[in-house]
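Dear colleague,

I am handing over the structure below. My notes on what turned up in it follow, grouped by topic.

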Amino acid sequence: MHKRIVVAVSAVQFALLALVAVIISDIHDRFFPEQLGVKAKVTLDFSQSGLSDEEAFRQLGSISDRLGLGLMKVAPDLRGDQSGQVFVKVGAHGSFPKQIQRFGNQPDAEIRDNGELAHSFANGDYLVTGKTDRIAEFKDWLTSRRVDQQWNEEKLITIFQFLTLQSDFGVTLLAVSALMVSLALYWLAVKARGRALRVLAGVAAWRIQCEDFIRFLMAMVSAAALLDVLAFAYVGFAYGWGFVPYYAKVLLLAEWIVIFLTMACTLALSAASWPSPAMLAMREPAVKSLAKSSAVLKIATFALVLATVAPAFAAYTEARKTAQEQATWKSLADQAVFVFPSRPGKAGGAESEKMFQKLQHFVGDMVREAEAADQVALSLAWTEEYFSVDGFRIAPYRYIIMVNQRWLDLVLGREKKRLSFVPLSPEQIPPDAKKVLEASFSLYVRNPQQAVNIWNQVKIYRLAGSQTLPFVRFGG
């Protein structure tokens, strides 16, 4: 009966670890796509190498084929809401499917040939999907060309560090371990009378300890094995059997950590509560020796709860804030970004201006088409530093921001009711800021006459509160 209780309660605790393993597998697949068989990930920065993007891709492809690295460039999927990823082969060798499945609710990712790297930046994340026995040569090659590199390799120790050093998962392991130690205390309590009788019968202490430990350990292992079979089957059917190996490593390692901590604490509790000769002579209840251990466990559990309340609340607040920011950026996903790399000096500026002149006509067509569909969201922020360059002051404000109605509807949405907008009159705007704005309004109106009476056509507000919003800063 008591063994069944231990098995049932242990299964519930290990079910929590199974959920944690699902979360970790989801996070892992976002950085190390399981279907690609990624062995390592490297972030490369070619800014100090002197290589153009085209030359960097050409040399990366060549060394990837020569060393059998199977390098793949990670790029965003520009279709839809841009939340997905595509993986582009850097070299010419290697056989990959056209599409791979992702864990959880991530969209499937496409595999594309190296021709898709044209007009792309060489800086970014690369995946090593091939051999790793000559990866040291690749690191030396990058160093010799002054390419900054940051490596993350796929190893079992990485999973261990993620489980223990990442506070959210580490606290979960501690919580499960504390509950399992409480279960061990229950096991020792129900076995206390039998242990005392066996001590009186002259049975060796080490034999009593070993038999109790083995039975308790077998009960936990049985629960873990049963839970593992169900968890592996669920992941296989729900997410794909290709994700089961990594998921199994995470879950088994988490269970091993919890079982190890539980057995270590059980050994300490058993030693502290071992029946003494005086206790046996006085015929005191066998469970009385567990009173002190129980009190210590209660205090430790209470302290652990108090220690985790603040981090848990902070994590919840941060997660909510991050989710709001992600939702805001997702609403701005349908955008076009133009970057004109240039060299220092007048020559570099002239090159950038020449490139922009080539694209100006197409940019104008794109803006007119977006305006016709009422899809242009404008935001422009002048910082306090921008004004201070010319000796202007905008105190008590740090930013002067110009937006249109479409931006308000797109970015704020339902948040507008919760935000505090305080109306201002033109006289309440800092004089220096007013001068700069009046000089700039002619750039943002179609009819120059509109700029004359612009203050009668715009609304001015002060945003109160701590809400953070995304704006385009003047000057990039």
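**Salt bridges**

The structure holds nine salt bridges. Please keep in mind that this is a predicted model.

Helix α1 (residues 2–31) contains both arginine 30 and aspartate 26. These two residues form a salt bridge, with 3.3 Å between the closest N and O atoms. They are four residues apart, about one turn of the helix. An α-helix has 3.6 residues a turn, so residues three or four places apart point the same way. Aspartate 26 is buried, with a relative accessible area of 17%, whereas arginine 30 is partly exposed at 38%.

A second bridge joins aspartate 29 to arginine 102, and here the closest N and O atoms are 3.1 Å apart. This pair links distant parts of the chain: aspartate 29 belongs to helix α1, while arginine 102 is in the loop between β4 (99–100) and β5 (109–112), 73 residues apart. Aspartate 29 has a relative accessibility of 1%, so it counts as buried. Arginine 102 is buried as well, with a relative accessible area of 3%.

Aspartate 125 and lysine 41 also meet through their side chains in a salt bridge, at 3.8 Å from N to O. Again the pair links distant parts of the chain, with aspartate 125 in strand β6 and lysine 41 in strand β1, 84 residues apart. Lysine 41 counts as buried because its relative accessibility is 11%, under the 20% limit. Aspartate 125, at 25% relative accessibility, counts as partly exposed.

Finally, a network of salt bridges links Lys139, Glu153 and Lys155.

**Aromatic pairs and charges over rings**

The count of aromatic pairs comes to eight. In one of them, phenylalanine 103 and tyrosine 239 have ring centres 4.2 Å apart and planes at 15 degrees, so the pair is stacked. Phenylalanine 103 lies in the loop between β4 and β5, and tyrosine 239 in the loop between α6 (205–238) and α7 (244–272), so the pair ties together parts that are 136 residues apart in sequence. Phenylalanine 103 and tyrosine 239 are both buried.

Tyrosine 239 also pairs with tyrosine 234: the ring centres are 6.0 Å apart and the planes are at 85 degrees, so this pair is edge-to-face. Tyrosine 234 counts as partly exposed, at 49% relative accessibility, whereas tyrosine 239 is buried, with a relative accessible area of 18%. One aromatic cluster is formed by Phe103, Tyr234, Tyr239 and Phe243.

**Helix α2**

The buried residues of α2 are Ala56, Phe57, Gln59, Leu60, Gly61, Ile63, Ser64 and Leu67. Among the elements that cover them are β1 (40–45), β2 (71–76), β6 (124–128) and α3. Glycine 68 follows α2 and has a positive phi, near 70 degrees.

**Backbone points to check by eye**

Which residue has a positive phi although it is not a glycine? Arginine 146 does, with a phi of about 55 degrees. Arginine 146 lies in the loop between α3 (135–144) and β7 (148–153). With a relative accessible area of 57%, arginine 146 is exposed.

The peptide bond from alanine 395 to proline 396 is cis, and its omega is near 10 degrees. Proline 396 lies in the loop between α11 (384–388) and β9 (399–403).

Regards

Note on methods: Residues numbered from 1 in each chain as written. Predicted model: local features only at pLDDT ≥ 70, side-chain atom pairs only at ≥ 80, totals over all residues. Heavy atoms only, no water. Helix = DSSP H or I, 4+ residues; strand = E, 2+ residues; numbered from the N terminus. Buried < 20%, exposed > 50% of the residue type's maximum accessible area, 1.4 Å probe, protein only. Contact = heavy atoms within 4.5 Å. Salt bridge = Lys/Arg side-chain N within 4 Å of Asp/Glu carboxyl O. Phe/Tyr/Trp six-rings, centres within 6.5 Å; stacked < 30°, edge-to-face > 60°.
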